[in-house]
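Visitor: Could you bring up the model and walk me through a few features?
Guide: Gladly, here it is.

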Amino acid sequence: RLTEHLPVSMREGTRELLWKVRTKRVILATGAQERPIVFGNNDLPGVMLASAVSSYLHRYAVLPGRNAVVFTNNDSGYQCALDLKAAGAQVTVVDPRLADDKGALQGQAKRYGVKVLNGSVVTVAHGKLRVASVEVSAYSNGTVGVKQADLSCDLLAVSGGWSPILHLFAQSGGKAHWHDEKLCFVPGKAMQAESSVGACAGEFTLARAIRFAVDAGVDAARAAGLIVARPA
């Protein structure tokens with residue numbers, strides 16, 4: 001603002017000035033968003049994304065539920081289970097993967113007393129004003145089997161994996177492509193002078209995200225005419 005913020009009697013000349021900045025290189029670090037999982041009544045109050053539950057715990061010191069079920073098809077859901085357990089909640093994890101597919105977080109969750117139901121899925125949530133229980137059924141080879149249990153709960157945290165946020169990459173003219181191993185769309189060939197780094201490039205581990213981000217920063221600095229040594 002040039003004069004827009006001044007009293008009317010003091011305004012002279014142009015009211016506002018618009019700056020257009022054209023960079024030599026753009027680094028996109030827009031992150032990723034957690035995917036939900038579809039099941040009956042998945043819009044009941046008390047059904048939350050697992051990452052949102054962890055944010056409530058760590059950022060606001062709020063425990064969203066004391067008897068929680070975590071429905072996840074990836075290891076990041078186990079971090080939510082550990083966070084809930086550390087806050088004093090009772091936690092049961094429902095995971096469609098087999099027990100052989102255990103990762104470090106799953107093993108840690110079991111050691112801390114989190115009950116894990118492998119080869120199972122939540123098929124429907126029940127409750128009137130909020131979630132009160134969930135139905136759990138067997139799951140194998142892409143097929144839902146017989147009902148296994150009804151679990152009472154006051155919180156259902158879900159995690160269906162992560163999708164890179166590609167909006168700005170697409171706006172720059174780039175086209176995404178499907179990555180079979182990461183099970184998500186990732187940036188394809190850059191059409192402008194941009195680099196996607198971190199989770200928005202499908203790099204979900206901290207070490208790899210930092211490594212590629214540093215490389216992108218060095219390349220961007222060099223494109224701007226700076227002499228920068230690449231870290232070892």
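Guide: Helix H5 covers residues 206-223, and its 18 residues should span 26 Å at 1.5 Å a residue, which agrees with its end C-alpha atoms being 26 Å apart; the expected span is 1.5 Å times one less than the number of residues. This is a predicted model, where local features need pLDDT of at least 70, side-chain atom pairs count only at pLDDT 80 or more, and totals for chains, interfaces and linings use all residues. Residues are numbered from 1 along each chain as its sequence is written, and side-chain values use heavy atoms, with hydrogens and water left out.

Visitor: Which residues of H5 are buried?
Guide: They are Ala209, Ala216, Val218, Ala220 and Ala221, where buried means under 20% relative accessible area, exposed over 50% and partly exposed in between, with a 1.4 Å probe and protein chains only.

Visitor: And what covers them?
Guide: The cover includes E1 and strand E14 (194-196); helices (H or I, at least four residues) and strands (E, at least two) are DSSP runs numbered from the N terminus.

Visitor: What happens just after H5?
Guide: Gly225 takes a positive phi of about 95° there.

Visitor: Switching topic, how many disulfides are there?
Guide: The count is zero, a disulfide being a pair of cysteine sulfur atoms within 2.5 Å. For Cys80, the nearest cysteine sulfur is that of Cys153, 13 Å away.

Visitor: Is Cys80 buried or exposed?
Guide: Cys80 is buried, with a relative accessible area of 1%. Cys200 is in no disulfide either, the nearest cysteine sulfur, that of Cys184, being 11 Å away, and Cys200 also counts as buried at 1% relative accessibility.

Conventions. Contact = heavy atoms within 4.5 Å.
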